[in-house]
Structure formats: structure tokens, C-alpha cells
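Here are my notes on this entry. Please read them with the structure open.

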Amino acid sequence: MGPGSRLLGGFKVGNNVIIGANAVVINDVPDNCVVAGIPAKVIKTNVDKWKEAGII
């Protein structure tokens, strides 16, 4: 989770998710993605390669 990000509501956040700075998450977030914005939207999928590199 980036600085200033907020999670509002009862929803599910998947595994290996990156939440951008100041993002406001109000919906479910799938596995292996990057979300950003207000409201947060998926901006990138398939971040498995980042996990393999040890970034997340």
C-alpha cells in the first residue's frame, strides 16, 4: 500500500496486489495487479514477474 491510500468498505483485496499512493479502493481487487486512482482502478495485471524478482 502506498502512502495516503485508503481502503473503504467491505471488499476483498487479492494476493500480490500493489496499491498506489493516495488510491481510494472501494471495490474488490483481483490477484496479481496494480491499482491506482480515485476511485482505484486496475492499471496493470500479471505482476508475477515482480514477485519472482522479490519486489513484492
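1. Start at the loop between β4 and β5 (41-45), where Pro 39 has its place. Strands here are DSSP runs of E with at least two residues, helices are runs of H or I with at least four, and both are numbered from the N terminus. The peptide bond from Ile 38 to Pro 39 is cis, with omega near -10 degrees. Most peptide bonds are trans.

2. Some ground rules. This is a predicted model, in which local features need pLDDT of at least 70 and side-chain atom pairs count only at pLDDT 80 or more, while totals for chains, interfaces and linings use all residues. Residues are numbered from 1 along each chain as its sequence is written, and side-chain values use heavy atoms, leaving out hydrogens and water.

3. The overall layout. The protein chain has 1 helix and 5 strands. From the N terminus on, the order is β-β-β-β-β-α. The C-alpha atoms fill a box of roughly 30 × 20 × 15 Å along the principal axes.

4. Burial and surface. Of the 56 residues in the protein chain, 27% are buried. Buried means under 20% relative accessible area, exposed means over 50%, and partly exposed lies in between (1.4 Å probe, protein chains only). The protein chain exposes about 3700 Å², and carbon and sulfur atoms supply 52% of that. Accessible areas come from the Shrake-Rupley method with a 1.4 Å probe; for residues, only the protein chains shown count as cover.

5. The core. Which residues make up the largest nonpolar core? There are 8 residues in all: Val 17, Ile 19, Ala 23, Val 25, Val 29, Cys 33, Val 35 and Ala 40. β2 (17-19) and β4 (33-36) each supply at least two residues of this core. A nonpolar core is a set of buried Ala, Val, Leu, Ile, Met, Phe, Trp, Tyr and Cys residues joined through side-chain atoms within 4.5 Å. In soluble globular proteins, nonpolar side chains tend to be buried together.

6. Val 35 deserves a look. Leaving aside neighbours within four places in sequence, Val 35 is in contact with Ile 18, Ile 19, Gly 20, Val 25, Val 29, Ala 40, Lys 41, Val 42 and Ile 43. Contact means heavy atoms within 4.5 Å. Among contacts in the protein chain between residues at least 6 apart in sequence, 6% join residues at least 24 apart.

7. Positive phi. Asn 16 has phi near 55 degrees, a positive value in a residue other than glycine. Asn 16 has its place in the loop between β1 and β2, and is partly exposed at a relative accessible area of 24%. Asn 32 also has a positive phi, near 55 degrees; its place is in the loop between β3 (24-25) and β4. Most residues other than glycine have a negative phi.

8. Lys 44. This residue is found in strand β5. Lys 44 is partly exposed, with a relative accessible area of 37%. Not counting residues up to four places away in sequence, Lys 44 touches Asn 32, Cys 33, Val 34 and Trp 50. Lys 44 and Asn 32 are 12 residues apart in sequence and 8.7 Å apart in space, C-alpha to C-alpha.

9. The helix. Asp 48 is found in helix α1 (residues 48-52) and is partly exposed, with a relative accessible area of 32%. Asp 48 and Gly 4 are 44 residues apart in sequence and 25 Å apart in space, C-alpha to C-alpha. For Asn 16 and Glu 52, the C-alpha separation is 11 Å, at 36 residues apart in sequence.

10. Gly 9. Buried or exposed? At 64% relative accessibility, Gly 9 counts as exposed. Gly 9 lies in the loop between β1 and β2. The C-alpha atoms of Gly 9 and Val 25 are separated by 8.3 Å, at 16 residues apart along the chain.
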